[in-house]
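Please keep the sequence and the structure at hand while reading.

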Amino acid sequence: MNNEATYWIALAHLPRWGHLKINNLIIKFYHEKKISVEEFFNLSETQWGNDYQLDEKQVSDLRQAKSELGSNAFLAESLFSQGFELIPIVSPEFSKTLKGNLKAPYSPAVLYVKGNKKILEEKSIAIVGSRDASEIALKFTDNIAKLASKEYKVVVSGFAKGVDKQALDSAINYKGQSIIVLPQGIMTFDSGFKKYYSQIVNGDVLVLSTFFPKAPWRAELAMARNPIIYGLADEIYVAESSEKGGTWSGVVDGLRKQRKIFVRQPEPTEKNANLILIQKGAVPVDFNGTVVSKTYYTTVEQVPVIQESNETESIDKKIRSAFNGRPLHVNELLVRLGMDWTVKKLTAYLKKLDFIEIVKDRRPNLYKLKGSEDSPQQRLFS
Amino acid sequence: MTRQEAEKILQQRFKLPKFYDEQWETIEKIFRGERVLLIEKTGFGKSLCFQFPAILFDGTTVIFSPLIALMRDQVKKLTALGISAKCINSEQTSEENSQIINEAKAGKIKILYIAPERQENNEWIEATRQMNLRMVVVDEAHCISVWGHDFRPAFRRIINLVKLLPAGLPVLATTATATKRVEQDVAKQIGGNITTLRGNLMRDNFKLFVVKVSSEDEKLIWLGKNLEKFPGSGIIYTGTRVDTEIYSKWFEHLKISSTGYNAGLDAETRIAIENSLMNNQWKCIISTNALGMGIDKPDIRFIIHTQIPQSPIHYYQEIGRAGRDGQPSYIILFYNPDDKRLPEAFIEGGRPSIKKYEKVIAAVKAELLGEKDLMRRTNLKQNQIRVIKADLIEQKIIRQLANKKIEYIFDAPALDTRAFEELRAAKTKDLGSMIEYVETNASRMKFLCDYLGDTSNHTFTNCDNTGEKKIAVQVTREWTEKLQAFREDYFPELVVESRGSNIVNGVASSYYGVSSVGSALHRSKYENGGAFPNFLVSLVLKAFRKKFGQEKFDLVVYVPPTSSGDLVKTFATTVAQILKFPISHNLKKQRQTSEQKVFENSYLKSDNVKDAFTFAVPEEVNGKSILLIDDIFDSGATVKEAGRLLTTFGATKIAPIVIARTVGGDLV
């Protein structure tokens, strides 16, 4: 497959095509017409148009991608020489779990990996939850990772703070295997490869990314990575979720895709959205991941869910507390809030708030709480 | 495009009348997007086969070339023709390189030469994403093959790259020296329906001689006597760096204009020497084989080897640089049966022991390491580490990352030592063939052509077996005495000058191991042989006078011993008394060090002596010029460290003088 890497890179990152369109094309040339990706790229533009019903825009995208093949070769060589591998969706090495869970509409066309690929064939679990999870959620994560490692199940995690990091550290600690799913291109993870060197060398960790290899971390990529984590796992455990953010939308998305999702049964005093997820159809589990009995669950269900009376008020509160005296860019704020809003939406929302003001003379705009004094950084000269 | 049309452009742009048939055949294939391996002798005009199509393509042609001198040369020529050509290499500043990369991204460069090592550079890889790449050329393509005479690990990545290039993007690989085996290996590695075009390798303007001698002295004497009689200028290849020094000092002694050249020189000096060679400034350049695969001087009139090369293919490559203008050129090989010990040592000892391989594997398995740290962890010499590294990369046991760190590959295979054995057997056989060349009574040119797989038919009348007069060496008393006088007057230099230190280059009275000096030292140091004998004192004094003349030093300081007692102290005291310089005993060790010879590489040697010294009475050296005495000079780390310390205490000049300098690990 490696000699075709140049073509797979071109195909997998066609701008604004989306997984479904790309996968449909792969199904057509690879499975129906039985030609290789190289042969597909070497077809004439007329053939692309007629045999594959591609419109003018799509043909033009492919033409552009084809002209970049030479450059892709340089990238691919660099990629392989660093020990990264590319697994196209048609390869037998491609994770069957991922393909089965996400199917054509959501499966990425290629996986970039480094480490022990065999890990992709093992039974797997994902433990997810918020970045600022409570002590009990982290303990739950540790326990589930321990149990999984004992049963030779691979722990899939997203390399974010909080639950993600705990899941990874625990799996390593209990000598289990793990998959790190990156919110960035695989060639931009140097520090991580250094940190997990011995685990990778020993075959206990596989690092995986679906993004363009040189793409730096971005909030959108972190969001787009969540379905990959869920997709790579046979079982999904939620340690703690708030009512917004990556975990929340990931679980809701998973439930919509008919996945069975286990959520930690919260203590009555906990302030989080675990119960709401359970109400939405997730399965409650105890500290050991055992499904909590229906009767118990029913009684819990009758306990009134702790909900903010007014959603807007809650968001405003979160925004207020996100500023710790320092002005922020919209991007930074979005990350701190852990919300799945677009930059545009949040910008528009901020402009309506009477307690937020724009710091002048900064591009892009910096926002701060009205009346707060701090500049982003002490400056010697201004 | 027809050949006629193309030749019209050729005349306009390159000021050349027409293509050779083989050139046009190659160019046509390139225009069709094919892959070609072109094997043609030096001077044939291989470069035109890619330069011509490159100027007609709407994007950039990238040429991987290992020879910086050649790149510079070609860029100069193309620029003079008004063709936008540039090169990126390690001898330019990174600003210059970045500037060129930007021009390439902007589509302003038609022909871009780069070193294969550049493929390891991130900025370059980033840049290629924005370049309109139209053709890839692999120059000196024999470097791809371990069966060639000059396998280079950096080319492995070029092959991987070529394999990833899309079909229809033309690839041209060129070389002047490839046996059948290398040809097949290269073609297989490049793949993609490659066509091989091979021209004839006959060089009929060569006059080939073999001169059999029975000692090094005979070579020095014959050259001393005859070098000036050769027409024009040329190159003398020696086996080692030390020999380049000895031969050039010998010629200097005889007032024959010459200069030494080796891989240890800095870029600036090398460029200056290459330029002076081009301008016929010297009668000859004495070099290890580091010089000149790429020197494009058409009128090199003679190439003389004082040391038998490892194989006929090495030899053909090295002599190939002579007489590119087609005029008669003298090709002389000296051979003393003892000489084969050096290539034998390269073949036998060139590969480190298996134990050392295992040491490296274990170290890399445990942690991610750079080369320096790997040397520290394993106590191996740099050149050994590099050989091991290259082999382990080849065997897919380790890999080198973009940040130069070396990592162990998950699930790597076990070390395969059979590959080494096979390679060693092949090299031993090649050396055997080279000796056959010496011993043959038949045509020498035919021998070389046959060896290289050139089966075309020629009449050969251009060697000392086929019409030219044989050369025999006559040793006269006059010349023996001249050589003796030179030997007694020749002292190796200690190159230690460095920024931030007032140390100057010093002198040794001899090389360790090439005279009786080494054994005398060894007896005193390690066999309880008593003080250093007197002849060493007179030799050191002679070296002092030769290097420093009547210069007065304010103070003599000597390096305190590690284990051999007061030998150096006694010796330095005697020298100081005779020179009438005061002596100080105040340079002391402030911590225990190990003997430097325990350490195999310069990093560990530097670590060993770092901050090891102290000077008890600093005011004694403040504002003074100092003669620094030690017995043996190896990496220079010790005298450099002492020099650094004395500089901090205010010494204005520190001149090191030692009894012997070791030959050292860097042979070429």
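## Domains

Chain A is divided into domain 1 (2-92), domain 2 (117-302) and domain 3 (311-369). The bounds come from an automatic or database domain assignment. Between domain 1 and domain 3 of chain A, the C-alpha centres lie 40 Å apart.

For chain B the assignment gives domain 1 (3-198), domain 2 (206-339 + 444-484), domain 3 (346-420) and domain 4 (491-661). Domain 2 and domain 3 of chain B have C-alpha centres 36 Å apart.

## Basis of the model

This is a predicted model: local features need pLDDT of at least 70, side-chain atom pairs count only at pLDDT 80 or more, and totals for chains, interfaces and linings use all residues. Residues are numbered from 1 along each chain as its sequence is written, while chains are lettered from A and ligands numbered from 1 in the order in which they are written.

## Chain A: make-up and confidence

Chain A holds 18 helices and 11 strands. These are DSSP runs, numbered from the N terminus (helices: H or I, at least four residues; strands: E, at least two). Of its 382 residues, 43% count as buried. A residue is buried if 20 or more other C-beta atoms, placed from the backbone, lie within 10 Å of its own, exposed if 12 or fewer, and partly exposed in between. Two residues are in contact if their C-beta atoms, placed from the backbone, lie within 7 Å. Among contacts in chain A between residues at least 6 apart in sequence, 70% join residues at least 24 apart.

The mean pLDDT of chain A is 87, with 89% of its residues at 70 or more. pLDDT is the predictor's confidence in each residue, from 0 to 100. The pLDDT is below 50 over residues 294-309 of chain A, a stretch with 9 contacts beyond near neighbours in sequence. Residues 374-382 of chain A are also below 50, with 6 such contacts.

## The A-B interface

Here 27 residues of chain B are in contact with 26 residues of chain A. On the chain B side, helix 6 (122-128), helix 7 (154-164) and strand 15 (406-408) each give two or more residues. Helix 7 of chain B gives the largest share, 5 residues.

By class, this side of chain B has 15 nonpolar, 4 polar and 8 charged residues. Ala, Val, Leu, Ile, Met, Phe, Trp, Tyr, Cys and Pro count as nonpolar, Asp, Glu, Lys and Arg as charged, and the others, Gly among them, as polar.

## Strand 4 of chain B

Strand 4 (residues 111-114) of chain B points Ile111(B) and Tyr113(B) one way and Leu112(B) and Ile114(B) the other, and all are buried. Strand 2 (residues 60-64) of chain B runs parallel to strand 4, joined by 4 bridges. Strand 3 (residues 85-88) of chain B is also parallel to strand 4, again with 4 bridges. Strands pair if DSSP finds at least two bridges between them.

Ile111(B) is the bridge partner of Thr61(B) and of Ala85(B). Strand 3, helix 5 (residues 94-105) and strand 4 of chain B make a right-handed β-α-β unit. Right-handed means that, with the strands pointing away from the viewer, the path from the first strand over the helix to the second runs clockwise.

## Lys546(B)

Lys546(B) sits in helix 21 (residues 534-548) of chain B. Lys546(B) counts as partly exposed because it has 13 C-beta neighbours inside 10 Å. Not counting residues up to four places away in sequence, Lys546(B) touches Asp489(B) and Phe491(B). Phe491(B) is 55 residues away in sequence, yet 8.0 Å away in space, C-alpha to C-alpha.
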